[in-house]
Structure formats: structure tokens, C-alpha cells
Amino acid sequence: MTGDSYFRPRDRTWHPVSHTPEYKSSVLRSPQRPLVYFPSTSSELSGPVFGHELIGELDNDLIRNFAKNGKMPIGPRIIIHGKVLDEFGKPVPNTLVEIWQANASGRYRHKKDGYLAPLDPNFGGCGRTLTSDDGSYEFTTIQPGAYPWPNHENAWRPMHVHFSVFGPSFAQRLITQMYFEGDPLIPLCPIVNTIPDQRAVDQLVARLDLDKAVSMDCLAYHFDVVLRGKYSTLFENKMEGN
Amino acid sequence: MAGKKQLNESPSQTAGPYVHIGCIPAYAGIEGVYKQDIWGNSPVDQAGTTLKVRIFDGDGAPVTDALIEIWIAGLKFWARSAFDEDSLSYPFQIPKTNSWAGQTSDDAIPFISVWIVARGVNIGLHTRIYFPDMENDVDKVLNQVEETRRGSLIANESNDGYTFDIYLQGERETVFFDI
């Protein structure tokens, strides 16, 4: 029964706070009043379910899902793979993961992106998938380039892929960004630096995974996403989850 | 099967100005990738009600690059919206409120759970939309909110449904929840 399930409040020393002036856009878009807490109700514990019939065969293949006439986008071919888990280490199966990114030159296919680097006629930059029963997901794509933005003079985002993840509960909904191991731009980025704890930043850095790479074809990066876990008052004394 | 907390939640990052590429690509001008963008539910009976949401920043300027998702748990109704140039709002078609009541014990008073992500928003903001002319006084969550701020959570009636203005910051700042 939902009566004995609940979420513990998010750790707001782990997540970025709202007002982070080095990231200029946050200055006018950050609430100033404290958030109002209330214990989980069925509205927070439940959430939408997305069926497999929504997902097309190429939805998770950004190399092929926009390419014209058998052509291929330019750039380093990579697999991005991992699992969606909860805080208890349990897989989150059959859950929707949506990603988006710039092309290999760092250009987004969006009317608002005026960066002088060219669009790739064979690259859209979006993908989606449902995790398997064991929580695993996989995308095939081109590694995005670093991307200049107007936050400050000579500001560059590290190479990154945006991740939007659902869990079974509306309160688990999460959007984050994945970075690439070894990118020297990571510690210089004001958006990365909205995260107070270096361990939390490290959790967003994908690791090279040669075991998953395909010889003479593509490299691979491993990246897990962790969602909030649902606790149960039945196990309150043991601080366990269900 | 129960377990102990072993991992930390992945920290949030802003969705950025191009969130639509990922979630509703055809809206962003990227056609032909998905057979259909995921926008969510529409009312089962075609005679739904319009809900137009507007978002303003700390200077009172309209925020036009956000993504909003709503969830009405008792109806298993979920939908997304993005800024619409015609209505200058984030429009939704929702089931008529007189069909909601009594779905679950938590839903005695109709409300919509809302989640907002955008450039400049580091972690998704949660709020709720309640409706005018309902006995909102009995709602347990609304009663957690300071009386002077409760009005920020109540939609206004319009000629074709409801409007709801979200103020991210400032004197009229909307109540956001830690859920």
C-alpha cells in the first residue's frame, strides 16, 4: 500500500542550489524562498508509465536516426551505456531515458543556436529508449564537441550529453548532464560548479569502457544514473528501502 | 526485497535552453526522428478544459524556453507542454475538473502536480495547481503553506478554462515544494 512508502527529502548539499551567480541565467530564475516540504502522497509516489510501442527501432541510435540516404554523421563513434538504478542499487526497469546533445563540432540543431560551427546534415542530436528489465540502457552516437556559450567571456561547456530520466514515481524525475572522463573543461564550467561536492561531480563523468567498444567501429563510455529510492515504514528501523 | 542505501542520487544539472531537442524534437524543428513526440495524454472525452500556464522570472520577464510536465495521479494523466507563440503560454488540455473528485483518498481536492525545467533552473521545480471555487481549505498540503502565499497555487478562471501564472522569483514568487 502506498501508505507505508515514502521518499526522504533530497540531499540539497549534493544537488546544486537554485541561486548560483557564476551561472548567470540562474540569477533571475532561482526561487528565493525556502521550498515547502510535505510527506509523500500518492501524487509523488505514482507516475506515468511509457510503453514499448512508443519507441521506434532507431530511437536510441543517433548515428542512424537522422541520417539521410545511408550517410553517416561526422565525428567519433561511441556507445554510451549503463544502468538506471535507485539509491538502494536496485535496477529501474522499463523506464524512459531521453538524451540530447550537440554534434561533433559543438553545434545544436535548435533554432536558438547561432554558433558558427556547422550543422551536420546527418545528425539530429536526440535519442530515447526504455531501460531493460535489469535497468540497462544503450545509445549509439557521435561524441559531442565542446560548446561556446554567452555566460562569460570565452565560456565553453565541456563535452556533454543531456539526460532526462523517469522512474516509476513523479518525485524521482531527474534531468542531468553526462560528461566525459579526462575533459579538461569540466572543472572550469560554471554549470558543473553549481554542484557543491566533487564526489557528486565525479558521478556525472562517464568512464571509457574498452570492453564495450567494438573493434574497428566505435569506442564506448559507461554511465549509470541513480534515482531516489523509495523507503518503507515497515522497515523504518533498519533504514531499508523497497 | 529490501536493501540498504548504497548510492547517492545523480546530482541534477540544468536542462538548458535546448531541452526540447531531447523531449519534443519536432517542436524544436527536428522532424522525422521519432514516429511521434511524447507529449502525453489528452482528455478522453474531447470536451476537456484548457489550462494556460505562464512563467515569469525575477524581473517579471516571460520565460519562454522552459519545459513543463504535469501529473494528475488519480486520473493517471500526464502531459508535457512548451511555449506556444499563439497563446503566449504553456497550454494544456486537461480533463474537466468536475470529473476528478474521489479517485483516491489523497485526491479529494483536485490539484495538478507540476514540474518545471529550464535554462537557469539547476534542479526541476515542483509546484501544484489548485482550482478556484473548491474547498481548498481542507487540503493538507495547502495548509502547510503560509496563508499569504496560498494564492500563488490557485489557478484563475478564464473564458475557455483556467490560467496559472508561475513566478520563479520575487514578490509574487510561487510556492515550490520539496517533495
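## Packing, aromatic pairs and backbone

Modeller: A:P144 has a relative accessible area of 1%, so it is buried. This is a predicted model.

Colleague: In which loop does A:P144 lie, and which residue is 17 residues apart from A:P144 in sequence and 7.4 Å apart in space?

Modeller: A:P144 belongs to chain A, in the loop between β6 (136–142) and β7 (147–148). Leaving out residues up to four places away in sequence, A:P144 touches A:Q101, A:A102, A:N103, A:A104, A:M159, A:H160, A:V161 and A:F180. The C-alpha to C-alpha distance of 7.4 Å, at a separation of 17 residues in sequence, is the one to A:V161.

Colleague: A:F180 is among the residues that A:P144 touches. Is A:F180 buried or exposed?

Modeller: Buried means under 20% relative accessible area. A:F180 has a relative accessible area of 0%, so A:F180 is buried.

Colleague: How many residues apart in sequence are the parts that the pair of A:F180 and A:Y221 ties together?

Modeller: The two rings form an edge-to-face aromatic pair, with 5.0 Å from centre to centre and 85° between the planes. A:F180 lies in strand β10 (residues 174–180) of chain A and A:Y221 in strand β12 (residues 219–222) of chain A, so the parts tied together are separated in sequence by 41 residues.

Colleague: What does A:Y221 count as, buried or exposed?

Modeller: The cut-off for buried is under 20% relative accessible area. The relative accessibility of A:Y221 is 10%, so A:Y221 counts as buried.

Colleague: How many aromatic pairs does a search of the whole structure find, and what is the geometry of the pair A:F38 and B:F177?

Modeller: Over all chains, the search finds 21 aromatic pairs. For A:F38 and B:F177 the ring centres are 5.1 Å apart and the planes stand at 80°; planes over 60 degrees apart count as edge-to-face, so this pair is edge-to-face.

Colleague: Where do A:F38 and B:F177 lie, and are they buried or exposed?

Modeller: The pair crosses between chains. A:F38 is in the loop between β2 (36–37) and α2 (42–45) of chain A, while B:F177 is in strand β10 (residues 177–178) of chain B. Both A:F38 and B:F177 are buried.

Colleague: Which residues form one aromatic cluster?

Modeller: The cluster is in chain A. Its members are A:Y137, A:F139, A:F163 and A:F223.

Colleague: Which residues does A:H110 touch?

Modeller: A:H110 is in the loop between β4 (96–100) and β5 (126–130) of chain A. Its relative accessibility is 7%, so A:H110 counts as buried. Not counting residues up to four places away in sequence, A:H110 touches B:P17, B:Y18, B:H20, B:I21 and B:A28.

Colleague: What is phi of A:N69, and what is phi of A:N94?

Modeller: Most residues other than glycine have a negative phi. A:N69, in the loop between α2 and β3 (77–86) of chain A, has a relative accessible area of 77% and is therefore exposed. A:N94, in the loop between β3 and β4 of chain A, counts as partly exposed because its relative accessibility is 35%. Neither residue is a glycine, yet phi is positive in both: about 50° for A:N69 and near 50° for A:N94.

Colleague: How many helices and strands does chain A have, and what is its radius of gyration?

Modeller: Chain A has three helices and 15 strands. The globule rule gives 18 Å for 242 residues, and the value for chain A is close to that, so chain A is as compact as a globular protein of that length; its radius of gyration is 19 Å.

Colleague: In what order do the elements of chain B run, and what is the radius of gyration of chain B?

Modeller: Chain B has one helix and 10 strands. From the N terminus on, they run β-α-β-β-β-β-β-β-β-β-β. The globule rule gives 16 Å for 179 residues and chain B comes close, so chain B is as compact as a globular protein of that length, with a radius of gyration of 17 Å.

Colleague: How far apart do the centres of the positive and negative side chains of chain B lie?

Modeller: Chain B has 14 positive and 25 negative side chains. The centres of these two sets are separated by 7 Å.

Note on methods. Residues numbered from 1 in each chain as written. Chains lettered and ligands numbered in written order. Predicted model: local features only at pLDDT ≥ 70, side-chain atom pairs only at ≥ 80, totals over all residues. Heavy atoms only, no water. Helix = DSSP H or I, 4+ residues; strand = E, 2+ residues; numbered from the N terminus. Rg over C-alpha atoms; globule rule 2.2 N^0.38 Å. Lys, Arg positive; Asp, Glu negative; His and termini not counted. Charge placed at Lys NZ, Arg CZ, Asp CG, Glu CD. Phe/Tyr/Trp six-rings, centres within 6.5 Å; stacked < 30°, edge-to-face > 60°. Buried < 20%, exposed > 50% of the residue type's maximum accessible area, 1.4 Å probe, protein only. Contact = heavy atoms within 4.5 Å.
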